[in-house]
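Thank you for making time this morning.

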Amino acid sequence: MSLFSPHRSQAPFLPMEQEPLSERVLTNIERMVKGALFSCRMCGNCILQETAYICPMTCPKGLRNGLCGGATPDACEVDPSRPCTWYAIYERAEKMGRMDKLLEINAPLDGSRAGKETWLDTARKWKQADHSPRLLDYFTDRDKFNREWHQFFFDLRQPEWWQGDAEYHPPAYEEPLSLLEANLRTGNFVTTAEISPPLGASGKIIHKKVQWLQGWVAAANFTDNASAMARMSSVASSKLCLDAGLEPVMQLQARDRSRLVIEADAMGAAGLGIRNILCLTGDHQRFGASPISKPDQFDLDAVQMLWVLRRMRDEGIYLDGRKIKQRPSFFLGAAASPFGAPPRFEALRLEKKINAGAQFIQTQPVFDLNRFDEWLEALDKRNLLDKVYILPGLLPLKSNRAAHFMADGVPGVTIPDVIIKRMDAAQGKEAQQETGVEIALEIIEKLQRMQGISGMHVMAIHWENIVPRLLKEGNVPQPAISGNGLL
Ligand code: SF4
């Protein structure tokens with residue numbers, strides 16, 4: 001049990017190599033003291049001052065930039081025996097008036113520092129720094145002391161190779177990079193749709209589904225081992241889609257990928273002509289089929305992934321500083337969960353994604369338009385609506401079983417009782433499908449009249465052939481700009 005943080009379930013990190021005895025003693029003392037106070041995991045990259053003195057590494061995904069889509073006020077989605085670390089951080093930061101601190105984009109771990117003591121290291125840097133805070137100034141010139149204190153710890157948190165901040169970084173290019181971006185810039189109502197990658201090796205099914213959607217949607221999303229279950233890769237599915245003549249949105253998850261694999265996969269996708277990338281942290285492997293892979297496989301989170309890919313595109317550098325001659329053309333997206341945490345927390349998390357590089361947002365399915373509107377208002381309060389294209393998720397319900405599963409088993413999805421009752425009242429498969437279509441058409445009508453959004457993202461999971469009917473009967477405009485999959 002610790003004094004200031006929720007307890008940790010994971011063991012503290014250990015250094016990669018044997019330390020000299022004197023440092024080992026210091027490391028052990030630091031581990032004991034900070035463990036008792038903060039459940040510290042000795043990540044060696046401390047950001048406690050930014051996170052209301054709660055250690056973010058107690059989050060089972062090790063997220064360093066805010067909560068995941070499945071977080072609730074009651075418990076962590078991965079380990080329901082404990083509270084969500086990030087909920088605790090938001091709540092305490094709000095009480096302490098330190099919410100602004102949560103906007104800074106925190107670096108991923110520097111593995112060479114993990115498990116090592118930091119006190120001696122900090123003292124050395126304090127001595128070497130040109131303007132380290134002087135104790136005397138605390139009493140004689142508090143402003144100066146606070147300024148220098150802030151700068152000193154900012155420099156510690158934001159190493160040369162990362163340079164994170166709390167600013168908005170608009171894209172550094174003029175012409176649209178993809179058909180999806182070109183369509184969104186027209187201001188028309190734009191639709192994207194999801195295609196599940198096949199379980200097997202044949203790409204024929206992708207060709208068939210692309211034919212259903214062609215002419216109706218601006219781009220098709222391909223999930224990336226969604227729910228931590230293996231399927232055809234997102235990059236391969238996206239390439240098959242591109243070859244079939246429709247522009248893909250390649251989803252890229254941080255789970256199970258190190259930072260260098262993320263950079264390599266994104267660069268490979270750019271080399272294949274895939275322009276739209278949706279950056280996701282990913283579901284924890286606990287939600288996958290067993291036996292699950294070893295936990296703690298999140299090297300980056302979605303915010304960090306956006307930061308890295310935007311800098312590859314706009315600054316032409318890899319995370320390690322190497323220069324890129326032929327820069328990749330990424331149109332970058334992110335996911336949002338309007339019904340997870342309270343809208344003010346979700347808006348803050350989304351602001352961070354937008355600052356890091358997200359240009360379009362696809363959300364969890366929307367069934368409750370009033371609550372969705374509250375979320376949009378929270379974004380508006382933060383002046384985010386002009387910086388990003390928002391595509392709310394639309395999920396046509398195929399059966400009442402699907403409705404109950406979505407409502408009870410999918411974190412971050414809310415379905416009002418009235419919709420569940422309508423689905424339950426429909427008798428038989430066909431009647432339930434028709435009711436699902438009816439509900440979807442009602443939502444489409446409302447979305448088309450809503451301010452602040454740019455279209456919608458249809459998630460007709462394993463029911464992709466319903467999409468043309470929904471768009472036709474919903475009077476949804478077809479994409480203004482189309483092509484053979486490449487701009
Ligand atoms: S709910 Fe998500 S963000 Fe919160 S502690 Fe669990 S994994 Fe981390």
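This is a predicted model: local features need pLDDT of at least 70, side-chain atom pairs count only at pLDDT 80 or more; totals for chains, interfaces and linings use all residues.

Residues are numbered from 1 along each chain as its sequence is written.

Leu379 lies in helix H12, helices being DSSP runs of H or I with at least four residues, numbered from the N terminus. Is Leu379 buried or exposed? Leu379 is buried, because 23 other C-beta atoms lie within 10 Å; buried means 20 or more such atoms within 10 Å, and exposed means 12 or fewer.

Helix H11, residues 343-356, packs against helix H12, residues 369-381, at an angle of about 50°, with their axes 9 Å apart. H11 is therefore oblique to H12, since angles under 35 degrees count as roughly parallel, over 145 as roughly antiparallel, 65 to 115 as roughly perpendicular, and the rest as oblique. On the H11 side the contact is made by Pro343, Arg344, Glu346, Ala347 and Leu350, and on the H12 side by Glu374, Trp375, Ala378 and Leu379. These residues divide into 6 nonpolar, no polar and 3 charged, with Asp, Glu, Lys and Arg counted as charged.

H11 also meets helix H10, residues 302-314: the two axes come within 8 Å and cross at roughly 15°, which means that H10 is roughly parallel to H11. Here Ala302, Val303, Leu306, Trp307 and Arg310 of H10 make the contact with Lys352, Lys353 and Ala356 of H11, a set of 5 nonpolar, no polar and 3 charged residues.

Finally, let us turn to helix H13, residues 400-409, whose buried residues are Asn400, Ala403 and Met406. Seen down the axis of H13, these fall within an arc of 125°, so they line one face of the helix, the arc being that of the directions from the helix axis to the C-beta atoms. The buried residues of H13 pack against helix H14 (417-425) and helix H15 (429-449), whereas the face turned away from the buried side carries the exposed residues Arg401, Asp408 and Gly409.

Methods
Axes are lines fitted to C-alpha atoms, for helices over the stretch in contact, and angles run from 0 to 180 degrees between N-to-C directions. Helices (H or I, at least four residues) and strands (E, at least two) are DSSP runs, numbered from the N terminus. Two residues are in contact if their C-beta atoms, placed from the backbone, lie within 7 Å.
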